[in-house]
Amino acid sequence: MNPSKKHVKVSDTAFVTCSFRSKNDNLSQDRYAKLWTNERAETILEDYLENVSTEEVSTHCIRNRYFLETLAKLVEQEKIDLLINFGAGFSMYPFLLPDTIEHIEIDKPEVVDYKSEQVKQWMENGTLPKRHITSIPVDFSTDYQAELISTIESLKQNRRCFILIEGVLFFLNREQTDGLFHLFSEVQAHGDYVGSVSYKEDVKATDAYKRLIAYANKGVDDASDDGFQTIPNSYYLNLKDYDLLEQEDYYSCSKLYHHNTQSKPTDILNEQFYVLKRKP
Ligand SMILES: C[S@@+](CC[C@H](N)C(=O)[O-])C[C@H]1O[C@@H](n2cnc3c(N)ncnc32)[C@H](O)[C@@H]1O
């Protein structure tokens, strides 16, 4: 498919991300990702692999695996009661983690509406185990903050939470990102966690990133005007309300999970994975 003709919407990227995970569920450990695959997502995925980077199945599987294992460890250690997933897409963490924690999932209305209806049916017919999930439709490019803060505060109360934002910041600009991190610090208490994913500036030197930008400029219809952002490590280190606990990336996690990378470094989109802890 010609990228200029396909008119990928940001919400399509949620299906495609899920399809990546389903291609190697041994690596991603997401055994439910295949539930969301459909013809349109498969066509976009094949086109994207060919035009941007063939390594993208593995990079997405590794990312999911890293956060799944991080979350599973915190649940086992009884350090979190609630996962709040910003731009959750078709993430399946609620069903891959024990039922001892609850979930809030936030995304654009079209994604949230479709997902919550589908998941409800699958929980009723036994395709998925039953989990407690509250879905909130929000577009981060709008003036959403005050209402979302009060909704989250009333749901969270004094429970310990992990906020996850993965595969989303690339589509937002810096002002929207600052707004989100401000909201995180408003709703979180000392000891709560944030998991965040972004590209560092050095990715810009890779051939894969140049192809990604060409692809995104031609193909993605509704990302923020000045989106496609990279974020330096210093952004996370300078967040006044958070300590940086852990930073991994595709290469370090590949070693951890005994995965052999396939492409040359210049053909790999190396995402950074950060875990932050709310200061007192
Ligand atoms: C690449 S997908 C990643 C989904 C999921 N986090 C994952 O890793 O599987 C990006 C998600 O961010 C959401 N998103 C992008 N821009 C958004 C915005 N302005 N407001 C709300 N959600 C947004 C999309 O709808 C989509 O579900």
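Predicted model: local features only at pLDDT ≥ 70, side-chain atom pairs only at ≥ 80, totals over all residues.

Residues are numbered from 1 along each chain as its sequence is written.

Entry one, the pair. I looked up helix H2 (residues 10-23) and helix H5 (residues 56-76), which pack at an angle of about 90 degrees with their axes 8 Å apart. H2 and H5 are therefore roughly perpendicular to each other (the term covers 65 to 115 degrees). On the H2 side I found Thr17, Phe20, Arg21 and Lys23 in the contact, and on the H5 side Glu56, Val57, His60, Cys61 and Asn64 (contact means C-beta atoms, placed from the backbone, within 7 Å). I sorted these contact residues into 3 nonpolar, 3 polar and 3 charged.

Entry two, helix H7 (residues 109-124). I checked its length: at 1.5 Å a residue, its 16 residues should span 22 Å, and the end C-alpha atoms are 22 Å apart, which agrees (the expected span is 1.5 Å times one less than the number of residues).

Which residues of H7 are buried? I found Val111, Lys115 and Val119 (buried means 20 or more other C-beta atoms within 10 Å of the residue's own, exposed 12 or fewer). They cover an arc of only 40 degrees around the axis, which puts them on the same side of H7. The buried residues of H7 pack against H2, strand E2 (102-107) and strand E3 (133-137). On the face turned away from the buried side I found the exposed residues Glu117, Gln121 and Glu124.

Key
Axes fitted to C-alpha atoms, helices over the stretch in contact; angles between N-to-C directions. Helix = DSSP H or I, 4+ residues; strand = E, 2+ residues; numbered from the N terminus. Parallel < 35°, antiparallel > 145°, perpendicular 65-115°, else oblique. Contact = placed C-beta atoms within 7 Å. Nonpolar A, V, L, I, M, F, W, Y, C, P; charged D, E, K, R; others polar. Arc of directions from axis to C-beta.
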